[in-house]
Amino acid sequence: MSEEIPGINTPYCYVGMWRATFSWHVEDMDLYATNFLHYGASKTWYCVPPEHGYKLEQLAQKLFPEMTETCFNLLRHKAVMIGPKLLRANGIPFNKMVHEQGTIMVVFPHAYHSGFNHGFNMAETLNFALPRWVEYGKRFRGCLCGSKEMAVRVNMDKFVERFQPDRLEKWRRGE
């Protein structure tokens, strides 16, 4: 990509502290993500498998109806925390991982994740794509409220042309 998009083709650096959290979200354009913990205390991550993401979306809409009225895709705003007990009680499968210094966490497309820091740490994150991501990128549903102007959007035409040339004309027709 010729354009520079922070967090997608240039990395972000995060400095964390004790109990600092990251709310439930998926990556911009449902991309893959890497998170390398360079230094410091570990992080706990919770991750819902991509095929169950819709269950988390439905639970969030039920728990936060006022936010849902403003934006149906409220989890895109990275402002919702839902604990593991509530996930379990609502039949939403998830994995819990502890991310240690010097290791890399990889998040798959459309995998909702959240978590918290155990203390001071520094991490670096970057999104990336593999050929199998193209279908996720094509089906991406962004924010539906006024914040959508600030949302990251990637033109999928180049990716469909390169990795799915047999589907390019249908894609361009919106089929």
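Q: In this predicted model, what percentage of contacts between residues at least 6 apart in sequence join residues at least 24 apart?
A: The model is predicted. Two residues are in contact when heavy atoms lie within 4.5 Å. Among the contacts in the chain between residues at least 6 apart in sequence, the share that joins residues at least 24 apart is 82%.

Q: In what order do the helices and strands of the chain run from the N terminus on?
A: The chain has six helices and eight strands. Read from the N terminus on, these elements run β-β-β-β-α-α-α-β-β-β-β-α-α-α.

Q: What is the radius of gyration of the chain, and what does the globule rule give for 175 residues?
A: Along the principal axes, the C-alpha atoms fill a box of roughly 50 × 35 × 30 Å. The globule rule gives 16 Å for 175 residues, and the radius of gyration is close to that, so the chain is as compact as a globular protein of that length. The radius of gyration is 17 Å, against 16 Å from the rule.

Q: How far apart are the mean positions of the positive and negative charges of the chain?
A: The chain carries 21 positive and 18 negative charges.

Q: Which residue forms a salt bridge with D30?
A: The structure holds six salt bridges. In the one formed by D30, the closest N and O atoms are 3.2 Å apart. D30 lies in the loop between strand 2 (21-25) and strand 3 (32-40) and its partner in the loop between helix 2 (65-70) and helix 3 (84-89), so the pair ties together parts that are 46 residues apart in sequence. D30 and its partner are both buried, and that partner is R76.

Q: Is K78 buried or partly exposed?
A: K78 is placed in the loop between helix 2 and helix 3, and has a positive phi of about 50 degrees although it is not a glycine. Buried would require under 20% relative accessible area. At 45% relative accessibility, K78 counts as partly exposed.

Q: How many residues apart in sequence are the parts that R167 and E135 tie together?
A: The side chains of R167 and E135 meet in a salt bridge, with 2.8 Å from N to O. R167 lies in the loop between helix 5 (157-163) and helix 6 (168-172), and E135 in helix 4 (residues 134-139), so the parts tied together are apart in sequence by 32 residues.

Q: Which helix holds both R172 and E169?
A: The side chains of R172 and E169 meet in a salt bridge at 3.9 Å, N to O, which falls within the 4 Å cut-off. R172 counts as partly exposed at 47% relative accessibility, and E169 counts as partly exposed at 47%. The two are three residues apart, about one turn of the helix, and both lie in helix 6.

Q: Which residues do salt bridges that share partners join into one network?
A: R167, at 40% relative accessibility, counts as partly exposed. Through shared partners, salt bridges join R167 into one network with E135, K138 and R139.

Technical notes. Residues are numbered from 1 along each chain as its sequence is written. This is a predicted model: local features need pLDDT of at least 70, side-chain atom pairs count only at pLDDT 80 or more; totals for chains, interfaces and linings use all residues. Side-chain values use heavy atoms; hydrogens and water are left out. Helices (H or I, at least four residues) and strands (E, at least two) are DSSP runs, numbered from the N terminus. Buried means under 20% relative accessible area, exposed over 50%, partly exposed in between (1.4 Å probe, protein chains only). The radius of gyration is taken over C-alpha atoms; the globule rule is 2.2 Å times the number of residues to the power 0.38. Lys and Arg count as positive and Asp and Glu as negative; His and the chain ends are not counted. The place of a charge is taken as NZ of Lys, CZ of Arg, CG of Asp or CD of Glu.
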